[in-house]
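This note comments on the structure shown below.

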Amino acid sequence: MRQAKILLVVIGLMTVATGNGPAWNIKVIANPSVKGDRVSIRELKNVYLGKASALSDGTPIEPVLARRGMAHEAFLKQCLDQSNEQLQLYYRGLVFSGKGSMPKEVNSDAEMVAYVARTRNAIGYVSADANTDGVRTLNIESPASRKLVTRIEPEYPDILRANRIGGVVRLEVTIAANGTVQAVEILGGNPILAEAAETAVRKWIYAPARSQTTLEVTIPFEAR
Amino acid sequence: MRFRLTTTLIAILPLLAAGSLVLRAQEIKIAGRPLEVHGSFSQGFMYTNQNNYLTDNTTSGSFGLTDGSLNLNYQIFNKLRVGAQVYDRKIGAIGRGTVQLDWALVDYRMKDWMGFRAGKVKTVLGLYNDTQDSEFLHTWALLPQSIYPVDLRESYIAHTGGDIYGDIPLKKLGTLSYTAYAGQRPNDLTGGYAYALGAYVPTIHVTSYTGLQVGQDVRWATPVSGLLLGASHQSQDVNGKGIMFNWAVLGIPDGSPFREGTVRDFTNQFYVQYQHRKLRIDGEYRRYWRNHSLYFNNATTPFNIASDSRSWYIAGAYRLHKRLEVGAYHSRYYADWNQTHNFRVETFTGSGDPPDNHIFDWTLTARVDLASYWNVKIEGHFMDGYGSPDSVHGFYQPQNPNGFQRTTNLLVVRTGFNF
């Protein structure tokens with residue numbers, strides 16, 4: 001059993017390491033008080049730049065910022081489209097002109113998870129492989145997202161759940177104009193989890209659009 | 001070379017550096033919420049090849065470019081914040097090195113689309129009016145002086161009154177941000193205007209210079225990532241008082257009262273900013289229309305003086321390295337747009353616009369970030385023209401008693417700390 005567990009973890013790590021295509025190598029996390037299971041890039045940008053104090057569904061949000069690290073760099077690039085220097089100057093401009101204050105800053109993924117876990121309405125981000133016990137993980141909707149009408153949750157394979165093996169699966173999903181899922185390509189993640197995720201996503205139905213869309217979907221499996 | 005950096009200011013440098021480390025290391029909390037403490041300090045050196053600049057003897061080199069600030073910010077609860085900042089500057093004869101309350105306010109953000117600020121509030125006008133004092137926020141050692149003249153800072157910097165502001169999401173069309181305000185402008189006795197009236201002969205010692213300001217700003221963060229468009233408007237009703245000296249030529253005895261009042265005074269400003277990764281491009285245009293009445297020695301019939309000044313600049317900056325940013329701008333100031341196009345042409349025999357009606361400035365800058373809290377800037381200005389005697393844009397008669405030369409090259413080296 002122990003050998004099987006190690007094998008599963010090794011296979012999972014290898015698959016993550018060889019994943020290709022655009023990558024969400026971060027997870028957006030939130031305090032359990034935050035409702036909803038996804039957040040858009042636009043919402044994140046507005047919240048982190050002080051333009052909004054709540055998500056679009058009205059959930060109040062307190063953004064938390066990392067000072068440094070891979071997750072911080074990825075978040076800045078993928079979500080805020082700013083460098084760390086630009087963001088710091090933006091915040092200092094607010095502070096020194098009396099227009100706002102600095103968000104809470106933390107030094108590590110562990111500190112981020114701990115702060116978000118104990119702070120009502122807090123939202124933050126960590127590396128994709130960080131332990132996120134005590135917080136919720138939100139799916140990130142890219143700008144090209146289409147509205148999801150029917151979502152089927154993937155089945156968490158018993159053997160992995162029992163061994164507390166989790167992780168994030170990244171899929172490239174091709175959606176037809178009528179909203180059905182045409183194709184799914186696994187970009188990364190534990191292969192067993194990825195198979196479960198692919199099976200579920202093939203049953204998803206999106207809102208119709210003018211043309212076919214391809215987007216990346218990230219599905220977290222949280223080992224508890 | 002005059003060396004004006006006082007021992008007090010020298011002492012501030014290590015204190016700020018040490019303070020930065022201490023304050024970063026410790027989180028001051030009141031009722032479970034952090035009390036933010038931030039500050040800044042900058043010191044500059046200016047050298048001009050001809051024409052003394054900014055009320056100092058810059059042709060000999062001058063360290064008369066010093067400022068600093070300290071602020072407190074406290075979020076009482078999610079929607080309510082209080083804060084205050086003190087600021088001090090000494091730029092040649094401007095500022096006089098007296099600490100002043102820069103802003104102090106209560107901010108209640110009822111909704112994202114509507115919030116209120118009350119107290120002494122920094123005025124939103126164009127891209128950089130409310131952040132012009134914080135040199136560390138900018139690529140430049142001196143912001144484009146056509147629109148952000150150091151010597152007229154207090155004309156726009158803040159108002160004591162209130163703001164209504166908000167951010168309105170437009171979904172796929174971006175975000176619209178607005179600010180509307182009304183309040184009393186600072187009583188400006190240490191700025192360039194009061195200095196100029198007090199330094200020229202005949203002389204007016206200004207004892208009061210303030211009035212009501214009302215304005216609006218609208219800026220649109222467009223769907224094009226990094227592209228911002230905006231417009232600002234401000235009207236003001238300024239009242240000035242002073243005492244007259246050396247006006248014997250008009251038969252006015254020393255000590256006679258002087259009074260000044262606005263007939264019509266407005267500023268319109270339009271701006272654009274584009275930021276893409278390491279590149280930033282800014283452009284701003286300002287029209288300042290001023291018609292004011294001057295009352296000498298309790299006269300009931302005033303002299304009315306009107307002017308229509310126009311300014312614009314285009315600036316580009318690129319970050320070559322985490323620690324190095326380079327940039328350039330071209331800035332144009334016309335003291336009176338009508339003089340440019342009408343009657344002054346017949347009295348000026350040179351080519352183009354007369355140099356006593358404009359200041360054109362080509363600027364090159366390198367900004368080195370030695371650390372996140374410490375930068376050094378080296379900047380070259382290549383200026384044509386010196387503006388009119390009442391322009392209050394850097395060039396003053398008392399420091400240039402033999403008249404002005406048409407061109408001025410200015411070197412600015414400035415270093416700043418912030419925490």
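1. In this predicted model, chain A has 224 residues, of which 35% count as buried. Its secondary structure consists of seven helices and eleven strands.

2. If one takes the contacts in chain A between residues at least 6 apart in sequence, 74% of them join residues at least 24 apart.

3. Nonpolar side chains in soluble globular proteins tend to be buried together. In the model, the largest nonpolar core contains 47 residues. Those with the most contacts inside this core are V28(A), I29(A), A30(A), V116(A), I123(A) and L193(A).

4. A30(A) deserves a separate look. Leaving aside residues up to four places away in sequence, A30(A) touches V116(A), A122(A), I123(A), V135(A), R136(A) and L138(A).

5. How many residues does each chain give to the contact? Chain B supplies 27 residues and chain A supplies 17 residues. On the side of chain B that touches chain A, the elements giving two or more residues are strand 2 (33-48), strand 3 (62-77), strand 4 (80-91), strand 5 (100-111), strand 6 (114-122) and strand 7 (158-169) of chain B. Strand 3 of chain B provides the largest share of this side, with four residues.

6. The residues of chain B that touch chain A comprise 15 polar, seven charged and five nonpolar residues.

Key:
Residues numbered from 1 in each chain as written. Chains lettered and ligands numbered in written order. Predicted model: local features only at pLDDT ≥ 70, side-chain atom pairs only at ≥ 80, totals over all residues. Buried ≥ 20, exposed ≤ 12 C-beta atoms within 10 Å, placed from the backbone. Contact = placed C-beta atoms within 7 Å. Core = buried A, V, L, I, M, F, W, Y, C linked by C-beta atoms within 7 Å. Nonpolar A, V, L, I, M, F, W, Y, C, P; charged D, E, K, R; others polar.
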